[in-house]
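The exercises below are meant to be worked with the sequence and the model side by side. Each task is followed by a solution that goes step by step.

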Amino acid sequence: MSDDYDNSSKMSFKLAMVPVLFLIGALIIALQVYEADPHIPLIMATIVAAGISVKVGYKWDAIEKGIIDSIQSSMQAILILLIIGMLIGTWILAGVVPTMIYYGLKILSPSIFLVASTILASIVALSTGSSWTTAGTVGIALVGIGEGLGIPLPIVAGAIISGAYAGDKMSPLSDTTNLAPAMAGSNLFEHVKHMMYTTGPSYLISLILYGIIGMKYSGSVSNVDTINTILQGLSNQFTISPILFIAPIIVILLVVLKVPAIPGLLGGVFAGGILAVAFQGANLGDIINAAHYGFESTTGVQAVDDLLTRGGLDSMMWTVSLIVVALSFGGVMEKTGMLYAIAEKILTVANTTGSLILSTILTGIGVNLVTGDQYLALVITGKMYKDVYDERDLAARNLSRALEDSATLTSPLVPWNTCGAFMHNTLGINPLMYAPFAFVNILNPIISVIYGYTGITIDKKDENKQENDNKVIA
């Protein structure tokens, strides 16, 4: 155990649970009763944790250092989030994201509607880094088409959720995809690569299941008016061209060449700016505004405008502020040995790698259930298990993958979670009804646990030296 825990014997499990229980209660009241954001409850819980720590003998200087060290450990992720906001804004201005969506919509076919819906949702989420934007735009169109085909809404919603969260989870543009490796001490691109081992099989199995279910509706005729409206809105506002795929190709090539995340994503921003001038007639002022404040779509087609009015550095500030306050809470819990006291209690039954992965998955799901927020599930679970994975000589990307397999993917299945509530309001169906058909979200945690017990794709630290080298370079 590191020097941070020299005084951990002063902190009992019961005392350590006080700020956690306080946080749970405060979050339930704030999120569910007042529909407020989780920031203030986190700050209040941090105060409670700090107060208990001072009471048992910790000095404020040590507590403050824990907070600062915790925030500093995730500065790379915060910088990446800011750059991603800039990238999204410039890619929309350049027509890169609209082109991805345009050609994605073209693949729809009545005979493979569920499969195509899953693929389309994953393409949009992968290109935007947002499952919410996917569900709130293309998802709404898919719900309407599904109703026209006579496909039950729970199945349609399940396919949309599966695709949206598979794409979001694998997108370097996603805030959760950046937050998970930051909490685990992993590297963004190594994290994404490692997730392919669990996301790939669950995605393929889901497509097979949707294909089997969709065969029942293969003789239906689709009303494509909504899709045509979106396609027309996109083509009216942007020059659509396959050449615009060069921007994501550049980023992919940089990933393959193992360029660190920050310069790699900045390369994508510059590519977006150049393409915006070449294909959309944008000027320098347009590029600066899109990078800073995001892109504002004014087609008059609500579905298109809702989809494309996003991005910009400013759009990431809510997430950044949440990360800072959550890390403050985690910093106090970690520095004063509270997280260690809780983890030590849990780990009394997690003696093997398999049981450790299972404990991580169940903790991520549990925090999602009790706090109603996927960000908190990622932060709290990551902070709780980070040192344990390190002590057991397990590569950090094992933890970051388990965090996403649990915290990210189960969040839309919980009705009172912010993600579940958003999907309920957007798609018009309770998460408990579509949950049995959200195959990716169900299968992913199960596959992750199986890997843990069998040792498949579970890397030791010495197998992951390049990950640590990349972190130093970044």
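**Exercise 1. Determine the handedness of the crossing of α10 and α20, and describe how these helices pack.**

Solution. In this predicted model, the crossing of α10 and α20 is right-handed. For the geometry, take helix α10 (residues 188-214) and helix α20 (residues 396-410), whose axes come within 9 Å and cross at roughly 60°. That angle makes α10 oblique to α20. Next, list the residues that make the contact: α10 contributes Glu-190, His-191, His-194, Met-195, Tyr-197 and Thr-198, while α20 contributes Arg-397, Asn-398, Ser-400, Arg-401, Glu-404 and Asp-405. Sorted by class, the contact of α10 with α20 has two nonpolar, five polar and five charged residues.

**Exercise 2. Locate Glu-35 and Asp-393, and decide for each whether the residue counts as buried, partly exposed or exposed.**

Solution. Begin with the backbone: phi of Glu-35 is near 55°, which is a positive value in a residue other than glycine. Glu-35 is placed in the loop between α1 (13-33) and α2 (39-55). Its relative accessibility is 69%, and since exposed means over 50%, Glu-35 counts as exposed.

Asp-393 is likewise a residue other than glycine with a positive phi, here near 65°, and Asp-393 lies in the loop between α19 (374-391) and α20. With a relative accessibility of 34%, Asp-393 counts as partly exposed.

**Exercise 3. Count the aromatic pairs in the structure, and characterise the pair formed by Tyr-210 and Phe-439.**

Solution. The structure holds six aromatic pairs. One of them is formed by Tyr-210 and Phe-439, with 4.8 Å centre to centre and 40° between the planes, and is tilted. Because Tyr-210 lies in helix α10 and Phe-439 in helix α23 (residues 439-454), the pair ties together parts that are 229 residues apart in sequence. To judge burial, recall that buried means under 20% relative accessible area: Tyr-210, with 1%, is buried, and Phe-439, with 13%, is buried.

**Exercise 4. Characterise the pair formed by Phe-238 and Phe-295, and state which residues ring pairs link into a cluster.**

Solution. Phe-238 and Phe-295 form a tilted aromatic pair, with 5.7 Å centre to centre and 40° between the planes. Phe-238 lies in the loop between α11 (225-237) and α12 (246-256), and Phe-295 in the loop between α14 (284-293) and α15 (302-308), so the pair ties together parts that are 57 residues apart in sequence. Both Phe-238 and Phe-295 are buried. Finally, the cluster linked by ring pairs consists of Tyr-102, Tyr-103 and Phe-245.

Notes. Residues are numbered from 1 along each chain as its sequence is written. This is a predicted model: local features need pLDDT of at least 70, side-chain atom pairs count only at pLDDT 80 or more; totals for chains, interfaces and linings use all residues. Side-chain values use heavy atoms; hydrogens and water are left out. Axes are lines fitted to C-alpha atoms, for helices over the stretch in contact, and angles run from 0 to 180 degrees between N-to-C directions. Helices (H or I, at least four residues) and strands (E, at least two) are DSSP runs, numbered from the N terminus. Angles under 35 degrees count as roughly parallel, over 145 as roughly antiparallel, 65 to 115 as roughly perpendicular and the rest as oblique. A crossing is left-handed if the near helix is turned anticlockwise from the far one by less than a right angle, and right-handed if clockwise. Contact means heavy atoms within 4.5 Å. Ala, Val, Leu, Ile, Met, Phe, Trp, Tyr, Cys and Pro count as nonpolar, Asp, Glu, Lys and Arg as charged, and the others, Gly among them, as polar. Buried means under 20% relative accessible area, exposed over 50%, partly exposed in between (1.4 Å probe, protein chains only). Rings of Phe, Tyr and Trp (its six-membered ring) pair if their centres lie within 6.5 Å; planes under 30 degrees apart count as stacked, over 60 as edge-to-face and the rest as tilted.
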